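Here are some notes for a colleague who is reading this structure for the first time. Please keep the sequence and the 3D view open while working through the numbered points.

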Amino acid sequence: MNLIFLGPPGAGKGTQAKALQERFGFRQISTGDILRANVRQGTPLGVEAKGYMDDGKLVPDDLIIRMMDAELEQGGNVILDGFPRTVPQAQALDDLLGRKHRSAVAVLFDVDQDVLIDRLTGRWTHLPSGRVYHERYAPPKVAGIDDVTGEPLVQRDDDKETTIRKRLAEYEQLTTPLIGYYDNPADPRLVKVDALAPIDAVTKQLVDMIQNDGGGRASA
Ligand code: ADP
Ligand code: ADP
C-alpha cells in the first residue's frame, strides 16, 4: 500500500509519517525535506526552489515532478508526505504509479485552521532527519536538542506567522482541489483522519486504517 498524506501545513503529516515508517516499514518521501536538503547543499534545484520556499509559495510543478520521478524509481511502499500539492502534480503521480502498476490511497488530515499557527510557530525541526517536535505538544527530552542524535533543533524560517499565512493561502488555492480529485465518486480513494486529536490518537486511526487495507481501497 502506498499512502499520500494530504493536509495543510501543520496538520501533522510529517509526525505521522515518522511514526508509521518505523511500524510498517514505509519509506517516507517528504518533498519539503528533500527540497531543504537541496537548498543546504546549494544544488541547482535548491537554488531555484529557495526563493519560492522563503516566500511561502509552492515550487513550480515541473521541478517537483522531475524530482519525484527520480524518487519513485526505487521500489517499496511509500508515504508521500507533501506531494502532490496541485492537480498537475496529482495527474503526474497517477501516470507514474500507473506505469509501475502501483496504486495509492490519499489520507486527508482533517483539521481546523485555527490550530495550525500554534502548531507551526511552536515547531522545532531536526533538519538532517526531518524529525519534528513541538515545544508544548511533543517536546524533546532536552529543549532545543534532537532526542536521537543529540544535534540541535531549529525553528524553520518559513514557520513564522507571516509566511505561514501565505502557505495556508497556497494550500487553500492550489491543494484543496485535490480533495475532489481523490474523492471522485467513480473511483474513491480518499480516507479522512481526525487530525485535531492528540498525536497518539491520530496514529491509532492510521494504524487501524492500514490494518483494514485502506477500507479495501489500496491493493498494490
Ligand atoms: P506537517 O508535516 O503536516 O506540516 P508536522 O508533523 O510537522 O505537520 O506537525 C506540525 C507541528 O505540530 C509539530 O510541531 C508537531 O510536533 C505538532 N503536532 C503534530 N501533530 C499534532 C497533534 N495531533 N496535536 C498537537 N500537535 C501536533
Ligand atoms: P509543511 O510540512 O509545513 O507542510 P513542507 O516542508 O512540506 O511544509 O514544505 C515546505 C515548502 O517546500 C513549501 O512551502 C513549498 O515551497 C515547498 N514544497 C514542498 N512540497 C512541495 C510540492 N509538492 N510542490 C511545490 N512546492 C513544495
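1. The side chains of Arg136 and Asp118 meet in a salt bridge, with N and O 2.7 Å apart; the term stands for a side-chain nitrogen of Lys or Arg within 4 Å of a carboxyl oxygen of Asp or Glu. Because Arg136 lies in the loop between S6 and helix H7 (161-175) while Asp118 belongs to helix H6 (residues 116-121), the pair ties together parts that are 18 residues apart in sequence. Helices (H or I, at least four residues) and strands (E, at least two) are DSSP runs, numbered from the N terminus. Asp118 has 27% relative accessibility and counts as partly exposed, a class that sits between buried (under 20% relative accessible area) and exposed (over 50%), as found with a 1.4 Å probe and protein chains only.

2. The model is a predicted one, in which local features need pLDDT of at least 70 and side-chain atom pairs count only at pLDDT 80 or more, whereas totals for chains, interfaces and linings use all residues. Residues are numbered from 1 along each chain as its sequence is written, chains are lettered from A and ligands numbered from 1 in the order in which they are written, and side-chain values use heavy atoms, with hydrogens and water left out.

3. By the salt-bridge rule the count comes to 16. One of them joins Asp208 to Lys204, the closest N and O atoms being 3.0 Å apart, and these two residues, four apart in helix H9 (residues 199-211), are separated by about one helical turn. Asp208 is partly exposed at 33%, while Lys204, at 52% relative accessibility, counts as exposed. Elsewhere, salt bridges that share partners join Arg123, Arg156, Asp158, Asp159 and Arg167 into one network. Within it, Asp158 and Arg156 form a salt bridge whose closest N and O atoms are 3.0 Å apart; Asp158 is buried, with a relative accessible area of 14%, and Arg156 is buried at 14% too.

4. Which residues come nearest to ligand 1? Of the 19 residues around it (those with a heavy atom within 4 Å), they are Lys13, Thr15, Arg123, Tyr133 and Ala197. Oxygen atoms of ligand 1 lie 2.8 Å from a polar side-chain atom of Lys13, 2.9 Å from a backbone N or O atom of Gly14, and 2.6 Å from a polar side-chain atom of Arg123. Taken alone, ligand 1 exposes 560 Å², of which the protein buries 93%; such areas come from the Shrake-Rupley method with a 1.4 Å probe. Helix H1 (13-24) and S6 are the elements that give two or more residues to this shell.

5. Around ligand 2 there are 18 residues, the closest being Thr31, Arg36, Lys57, Gly82 and Arg167. An oxygen atom of ligand 2 lies 2.8 Å from a polar side-chain atom of Arg36, and a backbone N or O atom of Lys57 lies 2.7 Å from an oxygen atom of the ligand. The protein covers 96% of the 550 Å² of accessible area that ligand 2 has on its own. Helix H2 (residues 31-41) gives the largest share of the shell, four residues.

6. Strand S5 (residues 123-126) and strand S6 (residues 131-134) pair in the antiparallel sense over four bridges, where pairing requires that DSSP finds at least two bridges between the strands. His126 stands opposite Arg131 in S6.

Definitions and conventions
Polar contact = N/O pair within 3.5 Å; in protein donor to acceptor, adjacent residues only side chain to side chain.
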